[in-house]
Amino acid sequence: MSYLSTTDFTEDAAFLERFGQIMRGDLELGWMDAARERPRCRPQNERRGLTFRDLDVGTYGFTDMPELIRHNRSFAPRGAALAEGLPDLQADVNRKSEVWAYNVEGYYEEAMTRQWNATTDIPWADLAGSELPEDVGKAYAQLLTFLTEVEMIATDVPAKWLGRLNADFFEVKNFIATQAMDEARHAEVFRKRALSTGFGLMRASRHNECNLKFLRDADSFAEASLTLHLQAEGMVLTMFRFSEYISPTEADKKLFRLVMQDEARHVGYGMQHLKWVLDHHPERREVIHQHLDEAENFVFGAGYATEVLEPFIILAGKGLTRERVQEGVRITSAFQLKQSEEYFERLARCGLPERRERSRLWKFVEMNRQALGAAA
Amino acid sequence: MAIAFPSTAFFLALRDAMRAEQERFQRLGFFDTTFGVRVLPDAPGGPAVDHTLGFEVFDCVAVREGLDGGTLDFVLEGPLTTWREMLDVIHALGAADTAHSINTLTHFGERLRVRYDDPNGHDKLYRFAESIQQFFDLAARLEFTYPDGSRPPAREGSAT
């Protein structure tokens, strides 16, 4: 117990007297006159239901929320009357621009309606009848092991920050709560799929885990979001699409379509957050670049680690014979190019078009593109 | 009477099939995007057939001939041969197989291409991937003909 009450209520005469009065029917009712706005919010679109956007009114709303949240340091929900003596919960993040994103309320509503169930929405019975050749099966099990690792840390990161955000960032807190649930479901579905292949979980990835540790230990939510939502999840989104492309069964294709939906939503939040930061605080551009410099270094090391790269080559080529490996290398190289191009494309759209010039990763992408062109 | 692919009537029939599956699409969640479908002629020089499909909440709310400039999140584009191959598989199997899902056909742009201006719009193809796939899979229920008058193969195991 690190936080103790300043009062022992069972020994506090004034408190006990007041409690006794209320229980005898002598109500105080001071809370009934609390100063607050009294909107009667209605759905703007009845088919959509009552959304957070419909609640964007007056002091309850988010549009007019100030950049610095000085008045509320408690769990008081935004718009409620703040009573004397509310505790200072010492939120780490009290600046709107550290967390906010255009349309965050829309991403939350979308997340809530697009939840799915790893236990019942995947046709596991169909998969029970599918046997994978040993080389492809082991490669797939290794990919699933890697993805389970990724998704476990992707669950931890939003969960770690959830309680550190000021309570006034209600919509963001709810969105990252859905993200933690999404990522937990991804870890679940990849673990379940790995353990249904007959090959079990394979080898954990040192390079990948170092990258994930960098991501987890970011100094601020804004840095964590930049690397988690935009960079890591952007690249993982392309990886999920590639995994759908190379999936051996229709059930696996459905699995990857379902996880890619969630991932694309998280990337959407990341893009709209970075755009918000650059629109409102352009002076942070250099700090963002510095963080991306190191993040891209980790990504390069993790993405090109043996236990990540080789399964893709085997799955893309559909086997381990010389010809199939060559085909797998060709397809995987094209995937890597696509992955990096889409990442830089997103950054440019958010307002960082100069990232390509600065990035060592982009220079490698250019070399890779030239090598592919020469080989074609 | 069989409808033609590609045509506005074909996409309106898909819309109606989607409305008949309201519960299934509601279960998949909000589906908010407007995208284009462009069917290119197999022979060079012929006209492309373009349609705009709009989705909102759980429903297909717009089917229009042509591409709505500026409002589209992305355009799925490819030759009639590829669209036909995809629809043949869907019609025969009831849904796309591993080689003919929208993501697989578009992934490297070799069969179908995804055209877009804004990566955020492009990502909607993936945010709503399962809804889009299930929308196209509804073609399994339609009776339609291709421009040469041929029909897609009957459902495997059916009496026809």
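**View 1. The contact between chain A and chain B in the predicted model.** In this predicted model, the contact draws 30 residues from chain A and 21 residues from chain B. On the side of chain A that touches chain B, the elements giving two or more residues are helix 3 (104–113), helix 8 (221–246), helix 9 (250–280) and helix 12 (322–350) of chain A. Helix 9 of chain A supplies the largest share of that side, namely eleven residues. Sorted by class, the residues that chain A brings to this side comprise 15 charged, nine nonpolar and six polar.

**View 2. Packing of helix 3 against helix 6 within chain A.** Helix 3 of chain A, which is also among the elements on the side that touches chain B, packs on helix 6 (residues 170–194) of chain A at an angle of about 35°, and the two axes lie 9 Å apart. The crossing of these two helices of chain A is left-handed. From helix 3 of chain A, the contact is made by Val104(A), Glu105(A), Tyr107(A), Tyr108(A), Ala111(A) and Met112(A), and from helix 6 of chain A by Glu171(A), Val172(A), Asn174(A), Phe175(A) and Thr178(A). Counted by class, this helix–helix contact contains seven nonpolar residues, together with two polar and two charged ones.

**View 3. Strand 5 of chain B and its pairing with strands 2 and 6.** Strand 5 (residues 74–79) of chain B runs parallel to strand 2 (residues 33–40) of chain B, to which six bridges join it, and within this pairing Arg38(B) stands opposite Glu77(B) of strand 5. Strand 5 of chain B is also joined by three bridges to strand 6 (residues 113–115) of chain B, and here the two strands run antiparallel.

**View 4. The overall fold of chain B.** Chain B contains six helices and seven strands, which follow one another along the sequence in the pattern β-α-α-β-β-β-β-α-α-β-α-α-β. The radius of gyration of chain B is 15 Å, close to the 15 Å that the globule rule gives for 160 residues, so chain B is as compact as a globular protein of that length. Along its principal axes, the C-alpha trace of chain B spans about 45 × 45 × 30 Å. Of the 160 residues in chain B, 43% are buried, and among the contacts in chain B with a separation of 6 or more, 67% are between residues 24 or more positions apart.

Key: Residues are numbered from 1 along each chain as its sequence is written. Chains are lettered from A and ligands numbered from 1 in the order in which they are written. This is a predicted model: local features need pLDDT of at least 70, side-chain atom pairs count only at pLDDT 80 or more; totals for chains, interfaces and linings use all residues. Two residues are in contact if their C-beta atoms, placed from the backbone, lie within 7 Å. Helices (H or I, at least four residues) and strands (E, at least two) are DSSP runs, numbered from the N terminus. Ala, Val, Leu, Ile, Met, Phe, Trp, Tyr, Cys and Pro count as nonpolar, Asp, Glu, Lys and Arg as charged, and the others, Gly among them, as polar. Two strands pair if DSSP finds at least two bridges between them. Axes are lines fitted to C-alpha atoms, for helices over the stretch in contact, and angles run from 0 to 180 degrees between N-to-C directions. A crossing is left-handed if the near helix is turned anticlockwise from the far one by less than a right angle, and right-handed if clockwise. The radius of gyration is taken over C-alpha atoms; the globule rule is 2.2 Å times the number of residues to the power 0.38. A residue is buried if 20 or more other C-beta atoms lie within 10 Å of its own, exposed if 12 or fewer, and partly exposed in between; C-beta atoms are placed from the backbone.
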